[in-house]
Amino acid sequence: MNKGVIEMEGDMFSDIGHGIQVDGKVLQTFQQSFGQVQNLLDQNRLLIHEINQNHESKIPDNLSRNPGLIRELNNNIRRVVDIYADLSTSLANSVEASSEVESAGTTKSDGRGGQKRIRSG
């Protein structure tokens, strides 16, 4: 495994390396989300296989099932897109919160409940 690269083995991230700090909640969210995505992709593979078999069989009853299977496939794809969108938002919020925590060390109160940045120099 390369240092500094996040890899997945089963359900676990391993060896983040190079001082990258990952919040436990963020990591758990990523693990759960990628697990959900993998399950949906596995379902899609089976749906595609069944759709192809139905198409090749040319049996009317089998062919009539394909529109429903295709709808299910499309819904799964939408769910994958939604999961990735949620992950993106979660990561952006985590990075923003992390930046705010880091910058909090360089602020002081102005006595009015607000905060001012300390000028260097």
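**Surface, helices and side-chain pairs of the chain**

The chain exposes about 9,300 Å², of which carbon and sulfur atoms supply 51%; accessible areas come from the Shrake-Rupley method with a 1.4 Å probe, and for residues only the protein chains shown count as cover. The model is predicted, so that local features need pLDDT of at least 70 and side-chain atom pairs count only at pLDDT 80 or more, while totals for chains, interfaces and linings use all residues. Residues are numbered from 1 along each chain as its sequence is written, and side-chain values use heavy atoms, with hydrogens and water left out.

Two helices and four strands are found in the chain, and along the sequence these follow the pattern β-β-α-α-β-β. Helices (H or I, at least four residues) and strands (E, at least two) are DSSP runs, numbered from the N terminus. Of the 121 residues in the chain, 15% are buried; buried means under 20% relative accessible area, exposed means over 50%, and partly exposed lies in between (1.4 Å probe, protein chains only). Among contacts in the chain with a separation of 6 or more, 34% involve residues 24 or more positions apart, where contact means heavy atoms within 4.5 Å.

Helix 1 has 34 residues and reaches 49 Å from its first C-alpha to its last, close to the 50 Å expected at 1.5 Å a residue. The expected span of a helix is 1.5 Å times one less than its number of residues. The buried residues of helix 1 include Val26, Phe30, Val37, Leu40, Asn44 and Ile51. After helix 1 comes Lys58, with a positive phi near 60 degrees, a positive value in a residue other than glycine. Lys58 lies in the loop between helix 1 and helix 2 (60-104) and counts as exposed, at 60% relative accessibility.

A search of the whole structure finds two aromatic pairs. One of them, formed by Phe30 and Phe34, is tilted, with 5.7 Å centre to centre and 45 degrees between the planes. Rings of Phe, Tyr and Trp (its six-membered ring) pair if their centres lie within 6.5 Å; planes under 30 degrees apart count as stacked, over 60 as edge-to-face and the rest as tilted. Phe30 and Phe34 are four residues apart in helix 1 (residues 24-57), and are therefore separated by about one helical turn. An α-helix has 3.6 residues a turn, so residues three or four places apart point the same way. Phe30 is buried, at 17% relative accessible area, whereas Phe34 is partly exposed, at 22%. Ring pairs link Phe30, Phe34 and Tyr84 into a cluster.

The structure also holds two salt bridges, each defined as a side-chain nitrogen of Lys or Arg within 4 Å of a carboxyl oxygen of Asp or Glu. Arg45 forms a salt bridge with Asp42, with the closest N and O atoms 3.2 Å apart. Both residues, Arg45 and Asp42, lie in helix 1, three residues apart, about one turn of the helix. Arg45 is exposed, with a relative accessible area of 53%, and Asp42 is partly exposed, with 25%. A salt bridge also joins the side chains of Arg65 and Glu50 (2.5 Å, N to O). Because Arg65 lies in helix 2 and Glu50 in helix 1, this pair ties together parts that are 15 residues apart in sequence. Arg65 is partly exposed, with a relative accessible area of 43%, and Glu50 counts as partly exposed at 27% relative accessibility.

Asn66 lies in helix 2 and is buried, with a relative accessible area of 8%. Leaving aside neighbours within four places in sequence, Asn66 is in contact with Glu50, Ile51, Asn54 and His55.
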